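I wanted a quick look at the overall fold and then at a couple of spots.

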Amino acid sequence: IPESARNSLRLIYSGTWMDNQRIYKELEILAQAFNQAGIPLVVLKGACFALTVYPDIGLRPMSDLDLLVPGSKLLEAAKIAKSLGYGDIKPKDNPGLMGFHNHVICLQKISPQIITLELHKGLVADQIYKYAIPVDWFWEQTESFDVSLLKRSDLNILMLTPTAQVLYAASHAMLQHGGKEAHLRWFYDLDRLVRSYDGRLDWDLLLSQSKVFEWGSALEAALSKAVACFDTPIPEQILDRLSRISDRNQKLVALKQTKPDSYVLAEYQKLLLLKGLARFRYLWAFIVPSPTYMRSRYHFKTSWVLPAYYLFRWGFILKELILTLIKLLRKGHTATQ
C-alpha cells in the first residue's frame, strides 16, 4: 500500500476509534441512568457490532447511537437523555415525513463532539408503512450484552440474538433505506455477523420469521449482496431457499434498489411505501409543509415573507413535475421505437 494511502487509512482509523470511545462513554452514562429508572435497553446496529463482531472498535464507523426501549418507556427515556444534555434535532429536510416517525426519537448532544442518539420503540418503520411489523418478537429475541466489553460490570444492557440481528440488519438496509442508499459497511456487518456467530445462527428460524414478517425478499437481497461483495459463507441450501422466496414486499425491495430519475419520482416512491390515509397526510405535508419546516428549510428570519416562500416552493414542485413528465414521455417514445 502506498505510504500516502496508509497514512490516510491510519488517520481514518484513529478518528473512528476516538469517536467510538466517546459514544461508548455516552452509552455507559445512559445505561446507568436507564437502569436506575427501570428502563430496559437493547443496543442496536453499529454500537453493538463494533464491540461484538469486529476485532477493534476503530474498524466500524458509526454516525449515531441506536437504543431500543419499550414503547411505554420511550418518552421517559427521552426525558432522562435530555437531563443528561441531549436536545431535540431540528426538523429533517423531508417535510412529508415530519411528524410520522413516532417509532424513534432523535436527540443530539454537543459536548465536545456531536453525538446523535436515536431512541427506538420499534424497528425498521412506523406502522404507517406497508412493511412495518410489531416489535414484540425482537424483544423475545434478546440476550445479555457483555458489559465487560465496556469495562463495566454494573450495567444491565441487552442485545438482539444473532438470528434477530441478521434479520434486522438485512431489513434495515433493504426496506428502511433501500439498496440504492445502503452503505457498503452494512453488508460487511452481515458478513461479520455470519462469520462471528457461525454455529449460533438459527437459519430455519431466520427464514421462517422472515416469512411471517414478509421480509424474505429483503433478507434474500441483502444476503445476496453480502455474498457477492465478501463471499459470505452462507450454506448452499439456505441460498437456494432464499432464491425461491416471494412476498408482498418483493416489488418494493426491487424498486428501492434503483435511484429515481427526478425529485418528484423520489417523493412518489416514498408515497407508495405508506398505507391508506397516511398517503394523503404525506402528500399534504409535502405540498404545504409547516411554517416550522419552511423556516428551517429556507432560513428566512421574518414571518411576513412566509407566503412568498410557499409560492417559491410550489413553483419549484411544478417545474420538477413538468420536467419529470417530459422525461417519461421521451423514455416512452424511445421504448416504442
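This is a predicted model: local features need pLDDT of at least 70, side-chain atom pairs count only at pLDDT 80 or more; totals for chains, interfaces and linings use all residues.

My entries below go from the whole chain to single residues.

**Entry 1, whole chain.** I counted up the secondary structure and got 14 helices and seven strands. The radius of gyration is 22 Å, close to the 20 Å from the globule rule for 337 residues, so the chain is as compact as a globular protein of that length. I also looked up the extent of the C-alpha trace, which spans about 60 × 55 × 50 Å along its principal axes.

Of the 337 residues, 47% are buried. For contacts with a separation of 6 or more, I find that 68% join residues 24 or more positions apart. The accessible surface comes to about 17700 Å², with 58% of that on carbon and sulfur atoms.

Is Asp-66 buried or exposed? Its relative accessibility is 2%, under the 20% cut-off, so Asp-66 counts as buried. Asp-66 sits in strand E2, residues 65-68. What does its side chain make a polar contact with? I found the side chain of His-120, at 2.8 Å. Skipping neighbours within four places in sequence, I listed the contacts of Asp-66: Val-42, Val-43, Leu-44, Lys-45, Glu-118 and His-120.

Next I checked the surface and noted a nonpolar patch made of Leu-318, Leu-321, Ile-322, Leu-323, Leu-325, Ile-326 and Leu-328. Together they have about 590 Å² of accessible area. I picked Leu-328 from this patch; Leu-328 belongs to helix H14, residues 306-336. With 42% relative accessibility, Leu-328 counts as partly exposed.

Conventions:
Residues are numbered from 1 along each chain as its sequence is written. Side-chain values use heavy atoms; hydrogens and water are left out. Patches are made of residues with over 30% relative accessible area and no salt bridge: like charges are joined within 9 Å, nonpolar side chains (Val, Leu, Ile, Met, Phe, Trp, Tyr) within 5 Å. Accessible areas come from the Shrake-Rupley method with a 1.4 Å probe; for residues, only the protein chains shown count as cover. A salt bridge is a side-chain nitrogen of Lys or Arg within 4 Å of a carboxyl oxygen of Asp or Glu. Helices (H or I, at least four residues) and strands (E, at least two) are DSSP runs, numbered from the N terminus. Buried means under 20% relative accessible area, exposed over 50%, partly exposed in between (1.4 Å probe, protein chains only). A polar contact is a pair of N or O atoms within 3.5 Å; within protein, one must be able to donate a hydrogen and the other to accept it, and residues adjacent in sequence count only if both atoms are side-chain atoms. Contact means heavy atoms within 4.5 Å. The radius of gyration is taken over C-alpha atoms; the globule rule is 2.2 Å times the number of residues to the power 0.38.
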